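Hi,

Here is the structure I promised to pass on.

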Amino acid sequence: MADLYGVLGLGADAAADDIKRAYRRKAREHHPDAGGDPERFKEVTHAYEVLSDPERRARYDRFGDDGSTRARGGGGGQDPFGFGGGIGDVIDAFFGAGFGGGGGFGGAPQRERSGRDVLVGVDLTLEEVLTGVTRRVEVEVAATCEPCGGSGSADGSAPTRCATCSGSGRVQRMVRTPLGSMATATACSACSGTGRSVEHACTACRGEGRRVQRRELDVDLPAGLEDGDRIPQRGQGEAGRQGAKAGDLYVQVQVVPHAHLVREGRALHTRIRIPLTTALLGGTVRVPALAGEEHEVAVPAGVQPGEVLLVTRAGLPVRGGGRRGDLHLHVDVDVPRRLGRKEREVVRGWAAQRGEDPDAPRTVEVRRP
Ligand SMILES: [Zn+2]
Ligand SMILES: [Zn+2]
């Protein structure tokens with residue numbers, strides 16, 4: 001990895017002015033028009049590009065040089081290295097030939113012509129997670145323009161290089177800066193930065209090759225999907241410009257809460273409230289679960305509040321199907337809030353049988369909650 005400070009003969013603590021001065025000196029030394037080595041000149045310029053931009057310098061200090069250079073083309077402008085004006089001449093000569101654009105000297109490049117990905121959300125119930133479902137989704141997204149078949153051309157001719165920017169998608173402007181005049185690159189307005197133009201633009205899409213359209217598609221959502229899962233629909237995103245590659249559509253799943261079931265992967269949990277007598281004597285309870293299913297569950301005598309009873313294979317499948325998980329029944333015991341006079345007598349009699357005196361204070365077992 002190149003030591004960019006070393007290239008300019010500086011230490012890592014160099015001030016902005018030092019960097020400027022060092023670059024001026026080194027550029028003069030290595031400028032190809034003055035018989036210097038083009039490779040050395042490129043290195044020097046790259047080092048200056050990175051280190052003169054506070055953001056890129058900070059990134060370089062932390063992560064090192066990613067090697068990316070915004071400059072393209074060789075040196076050798078028409079200026080025979082007069083250098084009277086200082087640094088500006090060097091930059092002009094260097095970037096004049098074909099500045100790729102972006103970064104410290106211009107805006108972000110706009111060369112990307114393929115369509116963007118699109119995200120659309122769908123709500124699923126647990127029942128739909130259980131069975132899987134085909135869902136119609138509606139998106140409003142730039143789609144291939146039908147009249148021109150995506151070419152952007154009214155007469156079917158292929159797009160040509162944009163004359164304004166020679167196909168680079170960027171045009172240069174000279175800007176005065178403290179370093180002299182510099183070339184800055186901005187997106188070409190003639191071709192919207194695509195670098196391509198069509199002679200007879202399609203009137204439906206004004207040469208873009210795509211138009212915003214409402215589109216419906218049926219998406220297959222298999223059983224077992226989880227909250228946040230994304231189902232890709234390749235090529236169903238935004239159409240690319242002038243027939244370039246389309247983006248993808250992602251259908252993102254949101255599982256809506258169920259009235260009485262809580263999901264945990266393949267498992268389902270629910271709370272059941274059983275009569276006190278069932279807890280004491282045992283019995284059978286009927287538990288409504290998913291999609292109209294009802295389970296008859298045997299409750300053992302003496303079941304404790306908070307105990308969990310399992311109903312096997314009454315949960316959900318994993319994605320792609322397979323064995324269902326279990327349904328977990330968390331037991332609550334319904335203690336009657338009020339007893340009739342007769343009931344109270346019965347319970348008092350039962351307490352006496354167990355050798356308990358309900359009127360006497362009793363020491364109870366304690367533990368951490
Ligand atoms: Zn252009
Ligand atoms: Zn069109």
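Which residue in strand 15 does Leu-309 stand opposite? The residue facing Leu-309 is Leu-329. I'll come back to those strands below.

First, some housekeeping. This is a predicted model, where local features need pLDDT of at least 70 and side-chain atom pairs count only at pLDDT 80 or more, while totals for chains, interfaces and linings use all residues. Residues are numbered from 1 along each chain as its sequence is written, and chains are lettered from A and ligands numbered from 1 in the order in which they are written.

**Overall**

The protein has 8 helices and 15 strands; these are DSSP runs, H or I of at least four residues for helices and E of at least two for strands, numbered from the N terminus. Mean pLDDT (the predictor's confidence in each residue, from 0 to 100) is 82, and 86% of the residues reach 70 or more. Please keep an eye on residues 67-111, where the pLDDT is below 50; that stretch still has 95 contacts in the model beyond near neighbours in sequence. A contact here is two residues whose C-beta atoms, placed from the backbone, lie within 7 Å. Of the contacts with a separation of 6 or more, 64% come from residues 24 or more positions apart.

As for burial, 28% of the 369 residues count as buried. Buried means 20 or more other C-beta atoms within 10 Å of a residue's own, exposed means 12 or fewer, and partly exposed is in between, with C-beta atoms placed from the backbone.

**The cores**

In soluble globular proteins, nonpolar side chains tend to be buried together. I looked for nonpolar cores, meaning sets of buried Ala, Val, Leu, Ile, Met, Phe, Trp, Tyr and Cys residues joined through C-beta atoms within 7 Å. The largest one has 16 residues, and those touching the most other members are Leu-4, Leu-8, Ile-19, Tyr-23, Val-44, Ala-47 and Tyr-48. Helix 1 (4-7), helix 2 (16-30) and helix 3 each give two or more residues to this core, and helix 3 gives the most, with 6. Leaving out residues up to four places away in sequence, Ile-19 touches Leu-8, Leu-10, Ala-14, Tyr-48, Leu-51 and Ser-52. A second, separate core of 13 residues includes Leu-124, Val-129, Leu-268 and Leu-329.

The expected span is 1.5 Å times one less than the number of residues. Its buried residues include Phe-41, Val-44, Ala-47, Tyr-48 and Leu-51. Residues three or four places apart on an α-helix point the same way, because there are 3.6 residues a turn.

Helix 8 (residues 341-353) should span 18 Å with its 13 residues, and its end C-alpha atoms are 19 Å apart, which agrees. The number of buried residues in helix 8 is 0, so it lies largely in the open. Just after helix 8, Gly-355 takes a positive phi of about 75°.

**The sheets**

Strands count as paired if DSSP finds at least two bridges between them. One open sheet has 4 strands in the order 10-11-15-14, with mixed pairing. Strand 10 (262-264) and strand 14 (308-311) are at the edges with a single partner strand each, so one side of each has no neighbour in the sheet. Strand 14 pairs with strand 15 (residues 327-334) in the antiparallel sense over 4 bridges.

Another open sheet has 3 strands in the order 1-9-8, also with mixed pairing. Strand 1 pairs with strand 9 (residues 249-255) in the parallel sense over 7 bridges, and Leu-124 has Val-255 in strand 9 as its bridge partner. Strand 9 also holds Val-253, which counts as partly exposed because it has 19 C-beta neighbours inside 10 Å. Val-253 lies 24 residues from Asp-229 in sequence, yet the two are 5.3 Å apart in space, C-alpha to C-alpha.

Arg-206 has a positive phi of about 55° without being a glycine; it is in the loop between strand 6 (196-197) and strand 7 (210-221). Ala-291, also not a glycine, has a positive phi of about 50°. Ala-291 sits in the loop between strand 12 (283-288) and strand 13 (294-299), and with 10 C-beta neighbours inside 10 Å it counts as exposed.

Cheers
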